[in-house]
Amino acid sequence: MSSSTSPTQQLAAVGGRETTSDHRSMKIRRLEINPKGMDDNKKKLTKLLLNVTIERSLGPVQVITSSEKSVEELIKSALEIYVKEKRRPLLIETNPNSFELHYSQFCLESLNPAEKLISLGSRNFFLCLKPTVIVKSISCSNEANQKEANKSSYFMWTRFMDFLP
């Protein structure tokens with residue numbers, strides 16, 4: 001737009017109209033957006049700036065990615081950036097399949113890895129290792145033997161105490 005056009009003409013060009021209101025003899029200009037004017041310039045969101053805080057790290061990793069990518073691809077990108085920037089503490093595991101993404105560190109439910117980023121409704125996430133489940137088979141007889149061994153070790157210490165009457 002050239003400098004020779006008036007402000008009213010400039011507003012009309014972007015689909016708005018100028019309104020004025022008198023308040024204590026002061027004129028205030030306001031721009032009212034015309035939604036019909038915005039239909040002509042449909043812009044699709046192509047990139048997202050996301051903040052991913054990795055467990056035990058000090059600050060979030062900022063990831064710029066496509067809005068059509070999935071949660072799984074975001075995890076992979078965040079880990080790549082974390083390793084590339086040589087952040088501390090170093091990660092024990094860098095396999096993206098070993099991590100899960102949450103809305104926050106207080107959210108227990110992890111996000112579906114196949115879900116698209118545009119449908120999540122948030123731009124801040126928390127990345128942590130998947131919990132490892134250790135299955136230890138303990139039978140009743142093993143547990144009883146272990147308790148018996150603990151009792152006998154307790155009485156073994158009393159043999160070394162000569163000062164007891």
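## Arg87 and its salt bridge

Arg87 has 23% relative accessibility, so Arg87 counts as partly exposed. This is a residue of a predicted model. The side chain of Arg87 meets that of Glu85 in a salt bridge, with an N to O distance of 2.7 Å. Glu85 is also partly exposed, because its relative accessibility is 44%. How many salt bridges does the count give? The count comes to one.

## The nonpolar core

The largest nonpolar core holds 19 residues. Leu74, Leu101 and Leu127 have the most contacts inside this core. At least two core residues come from each of these elements: strand 3 (47–54), strand 4 (61–66), helix 3 (71–84), strand 5 (99–102) and strand 6 (124–129). Which element gives the largest share? Helix 3 does, with six residues.

## Arg56 in its loop

Arg56 lies in the loop between strand 3 and strand 4. Is Arg56 buried or exposed? Arg56 counts as exposed because its relative accessibility is 56%, and the cut-off for exposed is over 50%.

Not counting residues up to four places away in sequence, Arg56 touches Pro89 and Leu90. Arg56 and Leu90 are 34 residues apart along the chain. Their C-alpha atoms are separated by 9.8 Å.

Note on methods:
Residues numbered from 1 in each chain as written. Predicted model: local features only at pLDDT ≥ 70, side-chain atom pairs only at ≥ 80, totals over all residues. Heavy atoms only, no water. Salt bridge = Lys/Arg side-chain N within 4 Å of Asp/Glu carboxyl O. Buried < 20%, exposed > 50% of the residue type's maximum accessible area, 1.4 Å probe, protein only. Core = buried A, V, L, I, M, F, W, Y, C linked by side-chain atoms within 4.5 Å. Helix = DSSP H or I, 4+ residues; strand = E, 2+ residues; numbered from the N terminus. Contact = heavy atoms within 4.5 Å.
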